[in-house]
Amino acid sequence: MEATSIEEIWSLHLEKMAEYGFDRLLYGFTRFRTSNSFGNAEDLLVLSNHDQAYLDEFVQSGIYNHAPMVRWAAVNEGACSWRLIEEVANSGAMTPTERKILELNKKYDVRCGYSISFHDVSVRAKGAIGLCGRRDLRQHEIDSIWSEHGREITVINNVTHLRITAMPFASSRRALTPRQREALEWVGDGKTMQDIATIMGLTPATVEKHLRLAREALDVDTTAQAVLKASFQNQIFIFPG
């Protein structure tokens, strides 16, 4: 609760989850979900301590969208055992892409774990985390750990999720500069271009330059979109870091 950055929160969470036997985590969050996707990949917040090679093949390739547990998380809330993957495989209903993911997971010893899909207040937001068990554990052992500690693990992950989503996050694009942030804040306050120029001690043309660069940094077309997106990402009206 006292952490002041996503990095600090994540480091504490990795350490805590390892105590329960989950030594590799994959967390994802978006505020730009649509009816059929998680939005632009560059707007996703992804945190993980998996091997980079695994992340390249699973996340960067986009194949994660077809993973059984990711699909489960997209339409459910709460916690789910990875035994679900085994059940899907045994049912013979796996698609060729899902079988490819299964082989990929075996290749990197991603064999057992639990997933948690978080409850978010916005229809555009979705967050979830995959907790992967140690390489020496199997799913029945993870299920046993969960039966004993599942409630507290769920609470810890929910608190972590709430703290992470309260932190500034600039996505994979460049962060806003202080001037760009200030100009957007004054727009959000309803000030005119002339008002903002007077307040900031700049010319209207210079203010517009800062707003244009802010739009480019946020990958949006209008200043109104920029204010909304920067607000979603906690990039404006924040205390200086």
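Trainee: What is the volume of the second largest cavity, and what makes it a cavity?

Mentor: The second largest cavity has a volume of about 30 Å³, a volume being the space filled by probe spheres set on the grid points, which are joined across faces, edges and corners. It is called a cavity because, on a 1 Å grid over the protein atoms alone, a 1.4 Å probe fits at its points but cannot get out. Please keep in mind that this is a predicted model, in which local features need pLDDT of at least 70 and side-chain atom pairs count only at pLDDT 80 or more, while totals for chains, interfaces and linings use all residues. Residues are numbered from 1 along each chain as its sequence is written, and side-chain values use heavy atoms, with hydrogens and water left out.

Trainee: Which residues line the second largest cavity?

Mentor: The lining, meaning residues with an atom within 4 Å of a point, consists of Trp10, His13, Tyr27, Phe118, Ile129, Asn157, Thr160, His161 and Ile164.

Trainee: Why is glutamine 180 called buried?

Mentor: Glutamine 180 has 6% relative accessibility, and buried means under 20%, exposed over 50% and partly exposed in between, with a 1.4 Å probe and protein chains only; therefore glutamine 180 counts as buried. Glutamine 180 is found in helix H7 (residues 178–188) and, leaving aside neighbours within four places in sequence, is in contact (heavy atoms within 4.5 Å) with Ala175, His210, Leu213 and Ala214.

Trainee: How do you know that lysine 107 and glutamate 57 form a salt bridge?

Mentor: Their closest N and O atoms are 3.2 Å apart, and a salt bridge needs a side-chain nitrogen of Lys or Arg within 4 Å of a carboxyl oxygen of Asp or Glu, so the pair qualifies. Lysine 107 lies in helix H5 and glutamate 57 in helix H2, so the pair ties together parts that are 50 residues apart in sequence. Lysine 107, at 56% relative accessibility, counts as exposed, whereas glutamate 57, at 33%, counts as partly exposed.

Trainee: What makes arginine 135 and aspartate 51 a link between distant parts of the chain?

Mentor: Arginine 135 is in the loop between S5 and H6 and aspartate 51 in the loop between S2 and H2, 84 residues apart. Their closest N and O atoms are 3.7 Å apart, and the two form a salt bridge. Arginine 135, at 38% relative accessibility, is partly exposed, and aspartate 51, at 39%, is partly exposed too. Both belong to a network of salt bridges that links Asp51, Asp109, Arg111 and Arg135.

Key
On a 1 Å grid over the protein atoms alone, a cavity is a set of points where a 1.4 Å probe fits but cannot get out, and a pocket is an open set with protein on both sides within 12 Å along at least five of seven lines; lining residues have an atom within 4 Å of a point. Helices (H or I, at least four residues) and strands (E, at least two) are DSSP runs, numbered from the N terminus.
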